[in-house]
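Subject: Structure handover

Dear colleague,

Here is the structure I said I would pass on. My notes on it follow below.

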Amino acid sequence: MNLLLNPSGNENAMLPEGANIFSRKVARSGHISYGGRPYFVSKSLAGRYIRLIVLDDRLIVDTSIPLHKEYLLV
């Protein structure tokens with residue numbers, strides 16, 4: 001598999017050459033749909049958008065869950 005570096009220079013953004021990128025919203029049941037078929041991802045991602053990478057005969061689910069916390073410093 002050949003990898004391409006994102007033009008921004010971000011090493012975390014490396015994607016396989018020839019990959020197709022899609023976005024899907026995870027249903028309450030934890031499923032997404034691609035090509036008319038349901039795929040279970042995770043109920044914990046319900047309501048969030050995830051990235052799908054389609055490469056050859058593979059469907060790769062790529063997620064990033066942002067975390068923001070604040071603490072009162074008293």
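Three strands form an open sheet in the order β3-β6-β7, with antiparallel pairing; two strands pair if DSSP finds at least two bridges between them. β3 and β7 (58–62) stand at the edges with a single partner strand each, so one side of each has no neighbour in the sheet. From one strand to the next the twist averages 30° (axes are lines fitted to C-alpha atoms, and angles run from 0 to 180 degrees between N-to-C directions). Strand β6 (residues 49–55) and β7 pair in the antiparallel sense over 5 bridges, and L52 stands opposite V61 in β7.

This is a predicted model, in which local features need pLDDT of at least 70, side-chain atom pairs count only at pLDDT 80 or more, and totals for chains, interfaces and linings use all residues. Residues are numbered from 1 along each chain as its sequence is written, and side-chain values use heavy atoms, with hydrogens and water left out.

The protein has 0 helices and 7 strands (DSSP runs numbered from the N terminus: helices are H or I of at least four residues, strands E of at least two). Of its 74 residues, 15% count as buried (under 20% relative accessible area; exposed is over 50%, partly exposed in between, with a 1.4 Å probe and protein chains only). Among contacts with a separation of 6 or more, 30% come from residues 24 or more positions apart, a contact being heavy atoms within 4.5 Å.

The structure holds 1 salt bridge, defined as a side-chain nitrogen of Lys or Arg within 4 Å of a carboxyl oxygen of Asp or Glu. The side chains of D62 and R51 form it, at 2.2 Å from N to O. D62 lies in strand β7 and R51 in strand β6, so the pair ties together parts that are 11 residues apart in sequence. D62 is partly exposed at 27% relative accessibility, and R51 is partly exposed at 31%.

There is also 1 aromatic pair (ring centres of Phe, Tyr or Trp, its six-membered ring, within 6.5 Å; planes under 30 degrees apart are stacked, over 60 edge-to-face, the rest tilted). The rings of F22 and Y34 have centres 5.6 Å apart and planes at 55°, so the pair is tilted. F22 lies in strand β3 (residues 20–25) and Y34 in strand β4 (residues 31–34), so the pair ties together parts 12 residues apart in sequence. F22 is partly exposed, with a relative accessible area of 31%, and Y34 is partly exposed at 23%.

Regards
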